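Please keep the sequence and the coordinates at hand while reading.

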Amino acid sequence: MTAARRRELEEIFGADRVEDTPITRRLYSQDLTALSLVDRRHSADEALPDAVVWPETVHEVSRLLRWASEGKVPVVTYGGGTSLRAATMPSTGAIVCDMKRMKRVTRMDENSMIVTAEAGILGEALQHELRLVGLTLGHFPPAFYGSTLGGFLATRSAGSLSTRYGPIEDMVISLQAVLPDGSIVKTRTAPRSATGPDFNHVFLGSQGTLGIITRASLRCRMAPATRTFAAYKFADWNDGVTAMRLMMRKGLLPAAVRYSDPPETARTFARMEDEPDGNVLVLVFEGHDRRALLEASIAAEIALSCHCTQLGEEAARHWFDHRFAEAYRRSPVLAEDGAYMEVIDTAATWSRLPTLIASLRDALAGEGRQVSLYVANASSVGASVCLTVQGHTPAGEEGKTLQAIWTAALSTIRQGGGTVSYRQGIGPWQIDALKEELGVGYDLLRDMKRQIDPNGIMNPGAFGFDRTS
Amino acid sequence: MALSLPAPAAREVVDQLAAIVGPEQVSVAPIDRLTYARDMYTVAIIKHAEGKLEHFPHVIVWPANEDELIRVVKLAPDLGLPVIPFGAGSGVCGGTLPIHGGIMLDVKRLGRIVEINDDDLTVTAQAGINGQVLEMELNRHGYTLGHFPSSIHCSTLGGWVAARSAGQLSSKYGKIEDMLIALRWVCPDGRVYSSPIVPGRSTGPDFDQILTGSEGTLGVCTEATLRICPYPADRRFVAFTFPDVPTATEAMRMMLRNDLRPAAMRLYDALDTMLVGTSGSTEHTQGKSLGDLLQIEQIGNRVRTLAPDLFRKAQRFVAGNAQIANQLELLAKEGCMLILMFEGERELTDYEFEAAVMICERLGGTNKGPKPAIRWFENRHHVSYKMSKVYYNGAFVDTIEVATTWTRLIDLYDAVCAALKPHAFLMAHFSHAYPDGCSIYFTFVTSAADADEAATKHAFIWSLAMKAAGGVGATLSHHHGIGLSKAQYMRDEHGDMMRVYRDIKTVMDDAHRFNPGKMGL
Amino acid sequence: MKPVLNQHFKSIEFCTYCPKMCRFACPVAEVTGHEADTPWGRQTLMHLVREGHMDFDADVAAAIYRCATCSLCTEYCDHNNKPYEVMLDMRAEAVKEGIEPSEVEEFRQFYSQHNNSYGDNLQARIKTLLPEIYFAKSSQVIFVPSGSHIVHNPSVIQDTFKIFEAMEIDHVSCHVGEVMDTGAHLRELGLMEQYHANAKKLSEALAGYKTIVSGSPTVVYELKVMYPKFGYELTPKIYHVSEFLWPFVRQGRLKVRRRLTQKAIYHDSCRLGRDLGVYDPPRDILREVLAEPPAEFARNREKSECCGGQGAFPWIDQDASIQIAQRRLGEVYESEKRLLVTACPMCERQFRLADEKLDVVDLVSVVARVV
Ligand SMILES: Cc1cc2nc3c(=O)[nH]c(=O)nc-3n(C[C@H](O)[C@H](O)[C@H](O)COP(=O)(O)OP(=O)(O)OC[C@H]3O[C@@H](n4cnc5c(N)ncnc54)[C@H](O)[C@@H]3O)c2cc1C
Ligand SMILES: Cc1cc2nc3c(=O)[nH]c(=O)nc-3n(C[C@H](O)[C@H](O)[C@H](O)COP(=O)(O)OP(=O)(O)OC[C@H]3O[C@@H](n4cnc5c(N)ncnc54)[C@H](O)[C@@H]3O)c2cc1C
Ligand code: SF4
Ligand code: SF4
């Protein structure tokens with residue numbers, strides 16, 4: 001970065017909140033994307049940002065973007081950097097805007113159960129503040145400890161209890177954002193409204209391409225008074241799926257429904273004594289005592305009518321207590337040369353789900369490879385499927401193998417009526433499939449991006465929106 | 001003297017459109033231009049009746065299917081005419097008023113149910129389907145959409161989506177945007193946007209939610225997929241009275257906070273309670289309109305024949321004299337009535353019912369038993385018929401539906417009451433409640449000598465209401481939308497976010513061909 | 001025209017200011033989607049005419065003919081408004097002013113040529129359908145055959161007498177005479193001059209009897225409700241054949257050989273149901289002859305939807321009238337093959353026109369199958 005540029009940034013942020021040391025630049029040049037992690041085992045050339053800045057106010061963000069727009073400098077917004085979809089990978093010459101110093105809870109409306117917080121707050125920190133007043137956001141994605149509110153919003157995140165609490169987009173009441181030209185915009189804090197399009201949705205899922213989200217107000221719920229657990233084992237995989245569907249149809253709202261196939265069951269309960277095996281459905285109900293018990297008993301009736309055996313509640317409790325464990329699984333695997341591991345998620349309506357799952361299993365099966373999956377986040381309409389593919393190849397082949405896995409998965413998903421991404425957003429390797437899924441919708445998103453960000457400064461490359469590509 | 005309508009679309013225009021939809025389905029006849037000249041916007045109703053409306057569509061077309069509709073949309077630029085999507089014209093904000101003339105694009109012949117999917121609990125239907133027809137079809141197959149706007153008899157699915165409609169049971173089932181799974185949409189340039197039918201996705205911004213609420217400014221909805229529910233196995237009813245609005249709203253808040261989801265949860269303020277007469281003991285006022293209450297109708301029918309002019313003047317005086325009308329409040333000894341209905345699976349409704357009763361009783365409510373609630377349920381469509389009576393009696397009526405968080409709710413109520421009571425007869429109910437907040441539905445009645453005076457008075461009252469609501473940070477519309485009548489307040493509502501709206505408009509409809517002059521664009 | 005509009009002042013005003021609450025029920029509005037085809041639309045045009053904002057011209061006249069007079073709108077009107085009454089009165093005005101649609105003139109000519117609404121020489125045809133003894137004038141009960149049955153489905157009339165015979169009801173004779181048609185369509189199309197002439201003659205011809213029976217709800221409605229309204233009071237009691245038969249059936253006079261095992265669904269005709277209030281006799285009779293009680297449409301009885309054949313509407317817009325019938329049939333197609341039963345020749349004909357392969361039968365013919 002030129003000294004002149006640095007000076008300009010220092011004018012906005014002060015010297016201590018602008019960094020362009022090689023280490024910092026390197027640290028911010030990566031996220032947790034499997035493809036790039038395995039690639040980096042073998043090559044060191046990667047795009048480095050020019051500098052990292054840490055805004056503390058919306059006005060600083062505004063000034064940054066105005067400056068960047070004028071100079072056509074790419075800006076990559078960075079939350080926790082936990083994306084698995086290369087969402088924060090900078091292009092050369094970019095400025096990384098790390099949001100984590102904007103982390104205040106600015107308003108706690110306990111009466112209306114609405115929390116307003118800055119976008120850089122970590123999931124855990126936000127939840128902590130809520131716990132103090134007896135509320136919960138109910139948003140618990142696996143990377144909860146290290147990901148930020150802004151990241152949740154920008155990727156339309158969902159957590160392990162989203163069956164009850166909804167994905168993040170359902171919790172957003174209003175937000176504040178800075179447009180690429182530096183103007184500060186916001187939406188109204190009202191339970192619902194009919195005053196035109198829902199502009200929250202311009203930014204939700206935008207993966208940093210349309211501006212920077214600086215603040216949001218979210219619906220919370222009362223912290224649950226009670227929690228009940230249950231687990232069931234199904235001999236026939238599809239019976240378990242049916243049981244989930246029937247529960248949702250009945251209007252039950254479990255906090256979690258999670259149905260794992262045998263390999264996934266084995267991993268989930270690996271550290272448990274007397275661990276269950278087979279197709280296991282875990283149910284967690286929470287909320288008011290009577291309601292939770294009532295729902296659990298209705299759920300039990302449904303499960304049993306679908307040919308299962310009841311497991312003790314221990315299994316469900318174990319899953320609940322270790323539900324962030326998923327996030328730790330990758331490191332040991334990926335530390336090893338030649339090893340790879342990827343998480344692929346999709347969602348489909350109930351009528352398509354069983355076939356989609358079967359064809360995904362077929363498509364992804366391979367020598368020396370383990371495919372495991374679970375179905376979760378159910379609604380009356382359908383549910384999500386999360387697949388983990390793990391295996392070994394000769395060192396150097398990992399990237400190619402992962403690419404092949406993705407290609408197979410995406411075409412199977414497209415054919416089976418699933419979505420290219422249930423949560424986590426879109427990585428560069430998903431763009432073609434995304435275009436297919438959205439059709440004209442993709443063109444509209446691209447055109448909207450070009451209109452709102454004519455200089456193309458916001459996270460260039462994301463979604464394949466650049467003019468050049 | 002018969003009205004002289006401005007020149008309609010030229011012969012060639014009609015011919016070109018007829019080549020697409022057939023000669024029967026395109027019209028420049030005055031009977032059609034007049035019946036498509038307004039929706040249910042108060043001022044337009046009065047002007048229309050007095051023959052004072054100034055704007056009429058150049059031409060009306062009724063495409064039979066999406067293909068024809070696309071061809072009409074694609075032809076529009078060549079014809080140089082604006083395009084206005086038209087559902088059933090039940091909008092109350094002038095959303096379909098052809099203020100620049102143009103092609104009235106009626107979507108109602110796209111009225112089929114495409115699929116009811118039992119596994120997925122979804123219905124896919126074309127946008128022109130009438131709401132009640134859709135609900136009856138679903139009922140017949142054992143489902144409900146759970147969407148019951150008071151206008152369900154007279155509005156379309158496309159209109160609901162276009163204006164972010166809310167039904168009477170929105171506390172349980174959500175608003176239309178909450179039910180939406182996927183959309184088909186013809187863009188202003190004729191391209192077809194179609195979103196995938198999946199239970200959730202993270203594939204960039206959800207354009208469905210950007211198109212929803214666009215009220216004809218971003219193109220035409222042709223199909224929607226919505227989630228449905230099994231028809232409720234059970235219903236439980238109960239009603240409570242509370243001494244005042246704040247106590248009652250507190251009970252509502254507590255129920256929602258504790259995860260209860262009554263299908264219906266309606267609180268009437270003291271005046272509304274008395275007039276709507278939902279309470280068991282006020283049999284005499286049950287189902288009466290303001291006109292009835294002042295007994296002007298009975299006297300009126302006799303006087304009308306003798307001296308029609310005098311009659312209208314007398315009524316207008318009473319209705320127009322807000323101080324007199326609002327004095328009625330002194331008669332309202334009932335307090336506020338809260339109506340509750342639970343529906344769904346038996347065990348769950350039982351639980352919710354008992355829990356709700358406990359909360360209401362603990363917070364000072366008097367249990368009035370199920371009757372008032374049942375009566376509300378059975379007569380829930382009656383309110384929409386009352387419009388006729390009010391106008392017939394020489395007055396006019398409009399509703400203002402604003403919403404805010406629980407914390408600011410009473411401020412909102414007080415502010416709007418204070419602003420409007422000197423100028424109009426005003427009552428309110430709280431009928432769409434959520435864990436985070438609630439909407440207030442104000443009904444005002446007043447009168448004017450003629451359409452021009454009505455327009456001025458109406459605009460004045462609205463400006464006071466919008467200022468009061470905006471002052472406490474409320475959203476200016478919970479479910480009626482913006483259309484023409486509230487367009488000027490869009491800037492207050494959205495500030496610089498209007499830029500984003502304009503950007504989207506530029507991308508989709510740079511020429512402002514679709515529904516020009518609306519939404520403050 | 002003004003006095004007529006003033007007379008309907010309240011009705012017109014209520015509709016004009018109404019948010020079109022009954023529009024979903026109006027079959028014409030539902031199939032065309034045109035706002036002018038809603039009850040609100042037609043009434044609003046009347047308001048504009050009354051206030052002098054519009055001329056009462058051929059276009060407006062055409063609009064008021066686009067009501068099938070099925071009266072379903074009234075079922076959904078809190079004010080019990082009857083827009084079709086305004087339309088009927090205004091059609092007479094249109095004819096007076098000579099601005100009625102060309103179809104009305106065509107019908108007028110058709111009627112004067114055949115002396116009925118269905119073509120053919122009904123007087124001659126009916127004689128070929130039944131043995132001469134049924135035309136003896138001595139009986140106290142007279143059966144007035146439907147012109148539509150005579151022309152389009154004469155077997156229903158034969159079945160009727162077959163049933164009478166089987167049930168040993170031998171005091172019924174069949175009407176035959178110069179006037180075979182009640183002239184309902186004349187009235188419905190506003191041709192009041194012809195209507196009066198026709199009604200006068202027919203009412204005189206029927207005056208001597210104690211009881212009148214017809215298989216056509218249109219005939220019953222006209223004789224029982226409309227004739228008196230226009231000054232042709234008839235002393236005989238007037239029944240639809242289902243009302244007439246039911247007491248005999250209940251007495252056990254109907255000897256059912258073997259109940260029909262076919263599944264059936266019953267369609268209420270607008271005239272028979274809403275206008276005459278006859279809902280149960282046809283169902284009761286069906287229950288006696290079917291192995292399984294008849295299925296119901298989701299919208300039945302008071303809320304039954306029109307077949308499109310009501311109010312001479314097919315004369316005005318044949319296409320729309322058939323679309324209306326097809327809408328109604330949607331439900332019949334959905335389930336396993338079912339016999340569609342109705343007790344009205346208009347409905348039967350409409351449904352057959354809408355789908356020639358459809359198994360649609362008059363109630364009487366169903367009964368005839370088991371005796
Ligand atoms: C093991 C593991 C499991 C995971 N499981 C899930 C899961 O179950 N569900 C799920 O939803 N996600 C999951 N994720 C993905 C990830 O945690 C989420 O996408 C998370 O929301 C990202 O948050 P972040 O703060 O780390 O964002 P980042 O990774 O820093 O950024 C993600 C994207 O959001 C943009 N962004 C960040 N902040 C802002 C802002 N303030 N304004 C505008 N744009 C912004 C970035 O530019 C980038 O495009 C998982 C990740 C890991 C490592
Ligand atoms: C008595 C009465 C009671 C009401 N009660 C309620 C209520 O309880 N809840 C509620 O939400 N609303 C209510 N409304 C308002 C109104 O019914 C709704 O706004 C409804 O959604 C409008 O539907 P419509 O089909 O009549 O649309 P229209 O009035 O025809 O159009 C409304 C707007 O949507 C656009 N539009 C229509 N169809 C399409 C389409 N297919 N694609 C794109 N744009 C389109 C039009 O251009 C216009 O801008 C009520 C209205 C009345 C008169
Ligand atoms: S008949 Fe009744 S419901 Fe129908 S438009 Fe007229 S007033 Fe409204
Ligand atoms: S009588 Fe039937 S056709 Fe005529 S307006 Fe009423 S519903 Fe429509």
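This is a predicted model: local features need pLDDT of at least 70, side-chain atom pairs count only at pLDDT 80 or more; totals for chains, interfaces and linings use all residues.

Residues are numbered from 1 along each chain as its sequence is written, chains are lettered from A and ligands numbered from 1 in the order in which they are written, and side-chain values use heavy atoms, without hydrogens and water.

Ligand 2 lies between chains B and C, and of the 36 residues around it (a heavy atom within 4 Å) those that come nearest are Pro85(B), Ser90(B), Ser151(B), Thr156(B) and Ala166(B). Its polar contacts (pairs of N or O atoms within 3.5 Å) include these:

| Residue | Atom of the residue | Distance to an oxygen atom of ligand 2 |
|---|---|---|
| Pro85(B) | backbone N or O | 2.7 Å |
| Thr156(B) | side-chain N or O | 2.6 Å |
| Trp160(B) | backbone N or O | 3.4 Å |

The protein covers 97% of the 960 Å² of accessible area (Shrake-Rupley method, 1.4 Å probe) that ligand 2 has on its own. Helix 6 of chain B (helices being DSSP runs of H or I, at least four residues) gives the most to this shell, with five residues.

Around ligand 4, the shell includes Cys26(C), Cys67(C), Cys70(C) and Cys73(C), and helix 3 (27-32) and helix 4 (39-50) of chain C each supply at least two of its residues.

How values were computed. A polar contact is a pair of N or O atoms within 3.5 Å; within protein, one must be able to donate a hydrogen and the other to accept it, and residues adjacent in sequence count only if both atoms are side-chain atoms.
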